[in-house]
Amino acid sequence: MKRLLPLLFVVVVGGGLLAVPGRLTRLLTTPVVIPAPLRTDPLLAAELETLARAAAAGGHPEWMAYGDALLGQGAYLAAEAAYRRAATLAPEDIEARFALALCIDRTGRMKESNEHYQACLELPEVAGNRPSKKPFARYAIGRNLLRLEDEVGAEAAFRQNPGFPPAEYQLARILLFSDRPREAEAIVRRGLASLPLALEWHRLHARILDALGRPDEAAAAREMEERSAHLLEVNFNVDYIGPLTEKVGLNRLFAAYEATRSTADPAARDRLLTAIEAAIGDRLIPERFRAARLRAELALATGDPQAALAAVATAAELGSSDPNLLDIKADALDKSGNPDQATRLRERLVRIRPTAKCYRQLADARAAAGDPTGRNRLLARAELLDGIATYRRNDPAGAAGHFEEATRLDPDNAVAWYRLGEMQFHLGRKAEAAAALRQALTISPGSGRPQRLLDLLPD
Amino acid sequence: MRLFGPLTTATTLVGVAVLCLMAWALQDRSPEGRNVGRTEASPVALSQEACSTSSGLPQITHVQVIDLDGAGRPAVIACDARGNRIIRLDRETDGAWAESVLIDDVGVPAHATFVDVEGDGDLDCLVAVLGDISPSDEAVGRVELFRRRADGYSREVLLEDVRRVADIQAADLDADGDTDLAVAVFGYSRGEILWLENTGDGQFADHRLHSAAGGIHVPIADYDGDGDPDIAAIISQDDEELWAFENLGGGTFEPRMLWRTPNFDLGSAGLVAADLDQDGDTDLILPTGDNLEDFAAYPQPYHGCLWFENRGDWTFREHRIAEFGGTYAAAVADLDGDGDNDVVLISMANDWSDPDNASVVWLENDGRQTFVTRQVATAPIHLVTVATGDLNGDNRPDIIAGSLNLRSPFERIGGVTGWLNRGPAP
């Protein structure tokens, strides 16, 4: 055996020296390996490299900045390493620990993630005005338990988070699906008292009322769902990561460009856009289409329809028939003295993605062609879209005005009559509602929605 | 002097320990949740072909293999969301692919269903109009019918003023001799499942079956074996639920929740009706792996494929038959010609930072519904739709898939891609 030891020594140490140094050297000399998916953004590599070197030479804030930049690009594993370093350097920093937990969470390691979220609960709050991470950490623990299909554990976790609407929402769902609808309803009613236009509360309320055998109230809850625009932070990671996406790379430049819109300085916008276009070059990435759209918009705004058409053509060559681009193209055709081409394009556009603006432009064209009926039909469609948007902002009275105008312009439009009836229903004008809904059914006897609403009205 | 004495022995042992420690510290440790579907080689030879010529970053939302003309030569039909059109791809006898536009100016088509709605002997096309590829609660969806004419198709809007429509299926649901429709209005925060009653003269009456966001597919089959068509639906937004609407006759349906999971993050991505175990009833196959709600998708441990075995009396037993990160669609066929049904899966959101991770796999059935995952391809990536059919007339099922290039990395770009089945691998 002893004779073999020298050989073993050579094999182990020599082999180790041959095998390990590559990775060891990389680890020691290159603090960052840019994840492959990020390399398609031409600015990202250099900016991340700078942040990484700053982190290697700096401390906790630099590692946090580096982690944020990576997380904003969806590089969870790389961000995890950065936040882990930040959390090591500042073990009391709840922000670092929370971000670390989130990275582990989004890469499918729920139990490990929960250990870090749990650790957040033991850490002191950050001074200043930043919202507390603790309710989110408690909520995330419950979410991860749901992902592990541990409803009992999740219920206990959500009960630890009273007053945090997403947690109460999840708790109410668990109660509903475990045959405790009355307890669930009490939570939903509390939630609605504080957030009366929260969509999720109304949706869940409808299901609970179904389970309780109260179909009329369930129908009313579903109608409220239609006009509720507030969303609970049920999937908080999107809100958390969203602001981080614009910290580096092309998104940073696009954010800077958007910020110049309010200044209305075309020259400054042109300079920024030129920088974006130069960075993108001929890379096949979505940002190229976005830049083309911005270029077309800017050219149109600065009175250069030919440049706008050229930008649209560039995007079209790459297979895009984005309605926004087609809309700009139609406007550019108008401004360059080709109204007939513009109209033909808009006729295509309303088949692809109708907008109120496009309907109004087509209505103008019909009026110019001496077709008042066609004009009114198109204007009615524009009023319909405006009315629906108004209703979604929980303004049924305002919406009713649009729908009324739509029925005046085009008395044969069944959808306009239905929508008018729907608004009258919500405004408590039962007789007017019934009359409008019946008119909708007269025009389109097969339409189910007016009939469903009529069924809710007294005879 | 003894060069290798006790000191050397100790040094060697310490060296071994140190190296083991370093190797452990420096190894590429995959997260415990990693689920990438890297598997054994396929025993069936599958040769890859790019079928479409689309440039840029294609967004193909649906593919199918169908003999539109009844000429015995199936074509590939694809919904091209980026181009707002339906395209047709024909494989010529020399192996080249010819691309043509079947239907133009349709706003982000999610699904095309060919059925003889008019009863005149040819196939009309029902298009589920999403209206917007991005999350949206706007009423931008439509049900559009393109009636087959000698010179093409004529457009008719059957339903508008609804949210994003993801799927339409057709059957005579009320047994009155005409074609009715089941419709999945996916929406975003709000949505619904409808059935449209054909009332004659081209009119369809809409009836709500269920109110929930995230309805993806509504496969129709006689799930309870009572002779009439029932509707199944997968709901995938806030809730992850599998529903059936039992046809009671006379245009009435009884809703039945067949399955749900508390795991809101499962990512149900579609629903396929097929008799997977060939026992004479219709099962359901559920691919799971949609995580488009995240800024960046990452494979989760629960991504893969579930088979819901129809046990009769509206009981469906859940079986997990594959783990595969980012699974977005499934298709059923006997790929290896051994008489049982295999399953093809494609991935939209695998961990694409590793070029060896699969984008296409097939699940080889041993005849007892135990499946072995076989890797087919690692490119193209971002696949969201898959179908099988005989593309080259050799009586073997080939694979066709479509890419939705929405997310980074923008590499290994594909549009519509085929894998021709060449039989047993050499």
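Strands (E, at least two residues) and helices (H or I, at least four) are DSSP runs, numbered from the N terminus. The model is predicted: local features need pLDDT of at least 70, side-chain atom pairs count only at pLDDT 80 or more, and totals for chains, interfaces and linings use all residues. Residues are numbered from 1 along each chain as its sequence is written, while chains are lettered from A and ligands numbered from 1 in the order in which they are written.

B:Asp201 is not a glycine, yet has a positive phi of about 55°. It counts as exposed because it has 7 C-beta neighbours inside 10 Å. B:Asp161 has 19 C-beta neighbours inside 10 Å, so it counts as partly exposed.

Cis peptide bonds were also found in chain B. One joins B:Ala379 and B:Pro380, with omega at about -5°. B:Pro380 belongs to the loop between strand S26 (371–377) and strand S27 (383–389) of chain B. Another joins B:Ser408 and B:Pro409, with omega at about 0°. B:Pro409 belongs to the loop between strand S28 (398–403) and strand S29 (416–424) of chain B.

In chain A, helix H18 (residues 305–317) has 13 residues. From first C-alpha to last, H18(A) reaches 18 Å, close to the 18 Å expected at 1.5 Å a residue. The expected span is 1.5 Å times one less than the number of residues. The buried residues of H18(A) are A:Pro305, A:Ala308, A:Leu309, A:Ala311, A:Val312 and A:Ala315. They cover an arc of only 160° around the axis, which puts them on the same side of H18(A). The arc is that of the directions from the helix axis to the C-beta atoms. An α-helix has 3.6 residues a turn, so residues three or four places apart point the same way.

The buried residues of H18(A) pack against helix H17 (286–301) and helix H19 (323–335) of chain A. Contact requires C-beta atoms, placed from the backbone, to lie within 7 Å. The face of H18(A) turned away from the buried side carries the exposed residues A:Gln306 and A:Glu317. Just after H18(A), A:Gly319 takes a positive phi of about 90°.

Notes. Buried ≥ 20, exposed ≤ 12 C-beta atoms within 10 Å, placed from the backbone. Contact = placed C-beta atoms within 7 Å.
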